[in-house]
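Trainee: I would like a close look at one part of this model, with the cut-offs stated.

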Amino acid sequence: MDLSIGEVAQRSGLSVHALRFYEREGLFANPVRRLSNGRRVYHEEDLEWLAICTRLRSSGMSLAEIRQYIELARQGPGNERERLALLRRHQDHVEAQVRELQGTLEVMRDKVRIYEAHLARGEADRLWNPSHRAPTVPQPCPVPVTAPASDAEAAS
């Protein structure tokens, strides 16, 4: 089934401008076909590729890497190891991003717990506010911890 650029934009979630950009940059797996009047014609496999391509882009793969992957795929059989290596490198990149985001999520969860606890106790005014610093009060020096007087005391 032939699809117009408007239909592809609607179904893919990409703008017409983005689709034209992808075409100019050589990011379609197959060349975009045109009718005799110059209108672009797309097919279902173009939508399938766009779904993959947009995921690669949104996960941080560069246009150059996507272009490299497409060129390898267009060459056909014989370079599967190169394609796999490219995909593995990107997988490693995405996994590092996920680990970074997991750390960020933990910080956010901790902050939410702190705010919820303070609000539940009616102590929201005690939450840190950099523009309202509490006056500094000299703190006493901590008492040094001394070792037990004997081995018998240490064992108890």
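Trainee: Which residues does His90 touch, not counting residues up to four places away in sequence?

Mentor: This is a predicted model, in which local features need pLDDT of at least 70 and side-chain atom pairs count only at pLDDT 80 or more, while totals for chains, interfaces and linings use all residues. Residues are numbered from 1 along each chain as its sequence is written, and side-chain values use heavy atoms, with hydrogens and water left out.

With those sequence neighbours set aside, His90 touches Leu56, Ser59, Gly60 and Met61, where contact means heavy atoms within 4.5 Å. His90 sits in helix α5 (residues 80-120); helices (H or I, at least four residues) and strands (E, at least two) are DSSP runs, numbered from the N terminus. His90 is buried, at 9% relative accessibility; buried means under 20% relative accessible area, exposed over 50%, and partly exposed in between (1.4 Å probe, protein chains only).

Now the aromatic rings. Rings of Phe, Tyr and Trp (its six-membered ring) pair if their centres lie within 6.5 Å; planes under 30 degrees apart count as stacked, over 60 as edge-to-face and the rest as tilted. This rule gives three aromatic pairs. One of them is Phe21 with Tyr22: the ring centres are 6.3 Å apart and the planes at 65°, so the pair is edge-to-face. Phe21 is partly exposed at 26% relative accessibility, whereas Tyr22 is buried at 9%. The rings of Phe28 and Tyr42 have centres 5.7 Å apart and planes at 40°, so that pair is tilted. Phe28 lies in the loop between α2 (16-24) and β1 (33-34), and Tyr42 in the loop between β2 (40-41) and α3 (44-58), so the pair ties together parts that are 14 residues apart in sequence. Phe28 is buried, with a relative accessible area of 2%, and Tyr42 is buried at 0% relative accessibility.
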